[in-house]
Amino acid sequence: MKRFLLQRITHIYLNHFSKNIKKTNPFSIIPYKKSCFILDKTACIILNGNLNINSNCLKRNGRSTIIKMDKNSKMIINDNYSIYYGGDIEVFENAVLEVGLGFINSNAKIRCKESIKIGNNCAISHDVTIMDSDFHAINTEGHQMTAPVVIGDHVWIGTRAMILKGVTIGDGAIIAAGSIVTKDVPAKCIAAGVPAKVIRTDVDWK
């Protein structure tokens with residue numbers, strides 16, 4: 001009962017009183033139990049669809065999803081989106097995380113230092129990590145620590161894949177389980193391996 005009341009209070013606060021939430025239509029953040037928000041007063045979540053946090057959480061599994069947003073950061077929700085249990089999402093100062101229609105499965109980690117954009121109808125599996133920065137500088141000429149990540153529409157990212165800085169993944173692509181993506185992946189291709197390489201072209205999935 002206490003958990004239900006806390007969930008209800010969080011829902012009411014986020015959707016009716018929080019200055020961090022911006023919306024022009026009656027969209028909502030739906031925080032399931034053990035949802036945790038750490039929002040700087042200047043951070044902004046822009047709702048153009050509903051956002052489900054810690055969804056699909058199994059009863060009494062004790063898992064939480066954390067959304068941490070630093071100064072002047074933005075999260076733009078362009079359609080209904082779900083972040084499953086065990087998620088760990090951090091948007092750093094002045095960074096923008098933008099997502100479309102879809103979901104990201106359990107234990108996902110997103111670290112957005114500058115810009116990460118995820119398109120519509122993407123299926124992102126368990127234990128996936130997406131980062132747009134190394135977060136530490138390498139003392140060598142020409143090293144770029146941070147670069148935007150763009151994931152197109154209808155992309156399937158397999159279990160325990162890692163998407164690293166500066167990568168663009170084309171529409172309809174598939175990233176195989178366990179792959180580490182360090183370079184662009186064209187549309188409608190399967191990429192696999194460490195580092196990931198294109199192993200098949202002209203694919204389709206549903």
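User: Is Lys165 buried, partly exposed or exposed?
Analyst: Bearing in mind that this is a predicted model, Lys165 counts as partly exposed, because its relative accessibility is 23%.

User: And which residue does Lys165 form a salt bridge with?
Analyst: Lys165 forms a salt bridge with Asp134, and the closest N and O atoms of the two are 2.7 Å apart. Asp134 sits in the loop between strand 15 and strand 16, while Lys165 sits in the loop between strand 18 and strand 19 (168-169), so the pair ties together parts that are 31 residues apart in sequence. Asp134 is partly exposed, at 32% relative accessibility.

User: How many salt bridges are there in the whole structure?
Analyst: A search of the whole structure finds 6 salt bridges. One of them joins the side chains of Asp127 and Arg160, with an N to O distance of 3.8 Å. That pair links distant parts of the chain, since Asp127 belongs to the loop between strand 14 (122-124) and strand 15, and Arg160 to the loop between strand 17 and strand 18 (162-163), 33 residues apart. Asp127 counts as partly exposed at 29% relative accessibility, whereas Arg160, at 59%, counts as exposed.

User: What about Lys68, which residue does it bridge to?
Analyst: Lys68 forms a salt bridge with Asp70, where the closest N and O atoms are 2.6 Å apart. Lys68 is partly exposed at 27% relative accessibility, and Asp70 is buried, with a relative accessible area of 18%, because buried means under 20%.

User: Switching to aromatics, how many aromatic pairs turn up?
Analyst: The search of the whole structure finds 3 aromatic pairs. In one of them, the rings of Phe92 and Phe135 have centres 5.1 Å apart and planes at 40°, so the pair is tilted. Phe92 lies in the loop between strand 9 (88-91) and strand 10, and Phe135 in the loop between strand 15 (129-131) and strand 16 (149-151), which puts the two 43 residues apart. Phe92 counts as buried at 18% relative accessibility, while Phe135 counts as partly exposed at 25%.
Another pair is formed by Trp156 and Trp205, whose ring centres are 5.5 Å apart and whose planes meet at 45°, so this pair is tilted.

User: Of those two, is Trp205 buried or exposed?
Analyst: Trp205 counts as buried, because its relative accessibility is 14%; Trp156, with a relative accessible area of 39%, is partly exposed.

User: Which residues does Ser106 touch?
Analyst: Leaving out residues up to four places away in sequence, Ser106 touches Tyr84, Tyr85, Ser125, His126 and Asp127. Ser106 lies in the loop between strand 11 (102-104) and strand 12 (109-112), and it is buried, with a relative accessible area of 2%.

User: Now the sheet: in which sense do strand 7 and strand 10 pair?
Analyst: Strand 7 (residues 74-77) and strand 10 (residues 96-99) pair in the parallel sense over 4 bridges, and Met75 has Leu97 in strand 10 as its bridge partner. Strand 10 also pairs in the parallel sense with strand 13 (residues 115-118), over 4 bridges, and there Val99 stands opposite Ile118.

User: Last one, how many disulfides does the structure hold?
Analyst: The structure holds 0 disulfides. As for cysteines, Cys36 counts as partly exposed at 29% relative accessibility, whereas Cys44 counts as buried at 13%.

Terms used
Residues numbered from 1 in each chain as written. Predicted model: local features only at pLDDT ≥ 70, side-chain atom pairs only at ≥ 80, totals over all residues. Heavy atoms only, no water. Disulfide = S-S within 2.5 Å. Buried < 20%, exposed > 50% of the residue type's maximum accessible area, 1.4 Å probe, protein only. Pairing = 2+ DSSP bridges. Contact = heavy atoms within 4.5 Å. Phe/Tyr/Trp six-rings, centres within 6.5 Å; stacked < 30°, edge-to-face > 60°. Salt bridge = Lys/Arg side-chain N within 4 Å of Asp/Glu carboxyl O.
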